Amino acid sequence: MLPGEYEFNTESRELMEIISGKLNLKLQNEDSWKLIKDGMNFNIPKNSSFKADVLELVNYTCSYFDD
């Protein structure tokens, strides 16, 4: 992801693994932002949304789960 502000919606549960870079993450129904950087990962519940404020170029993998 290039630097910038994004908002994503999910249909499936997702696991995002950050390979390099850093971003601030705000999950739906949370009040605060969390810094995520290389080597970290996070889960996003299905049927929700999250905001990402990408601070520097982020390389990531995203896995989707149908549970």
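How many positive and negative side chains does the protein have, and how far apart do the centres of the two sets lie? The protein has 7 positive and 12 negative side chains. The centres of these two sets lie 5 Å apart. Keep in mind that this is a predicted model.

Now look at the fold. The protein has five strands and zero helices. Read from the N terminus, the order is β-β-β-β-β. The C-alpha trace spans about 30 × 25 × 15 Å along its principal axes. For 67 residues, a compact globule would have a radius of gyration near 11 Å. The protein has 11 Å, so the two agree.

Next, consider contacts and surface. Take the contacts between residues at least 6 apart in sequence: 70% of them join residues at least 24 apart. Of the 67 residues, 31% are buried. The accessible surface comes to about 4500 Å², and carbon and sulfur atoms account for 45% of that.

Finally, turn to the aromatic rings. A pair of rings is described by two things, the distance of the centres and the angle of the planes. The protein has three aromatic pairs. In one of them, Tyr6 and Phe8 have ring centres 5.9 Å apart. Their planes meet at 15 degrees, which is under 30, so this pair is stacked. Tyr6 is partly exposed, at 29% relative accessibility. Phe8 is partly exposed too, at 31%.

Phe42 and Phe50 form another pair, with ring centres 6.2 Å apart. Here the planes are at 70 degrees, which is over 60, so the pair is edge-to-face. Phe42 is buried, at 7% relative accessibility. Phe50 is buried as well, with a relative accessible area of 4%. Ring pairs join Tyr6, Phe8, Phe42 and Phe50 into a cluster.

Key
Residues are numbered from 1 along each chain as its sequence is written. This is a predicted model: local features need pLDDT of at least 70, side-chain atom pairs count only at pLDDT 80 or more; totals for chains, interfaces and linings use all residues. Side-chain values use heavy atoms; hydrogens and water are left out. Helices (H or I, at least four residues) and strands (E, at least two) are DSSP runs, numbered from the N terminus. The radius of gyration is taken over C-alpha atoms; the globule rule is 2.2 Å times the number of residues to the power 0.38. Buried means under 20% relative accessible area, exposed over 50%, partly exposed in between (1.4 Å probe, protein chains only). Contact means heavy atoms within 4.5 Å. Accessible areas come from the Shrake-Rupley method with a 1.4 Å probe; for residues, only the protein chains shown count as cover. Lys and Arg count as positive and Asp and Glu as negative; His and the chain ends are not counted. The place of a charge is taken as NZ of Lys, CZ of Arg, CG of Asp or CD of Glu. Rings of Phe, Tyr and Trp (its six-membered ring) pair if their centres lie within 6.5 Å; planes under 30 degrees apart count as stacked, over 60 as edge-to-face and the rest as tilted.
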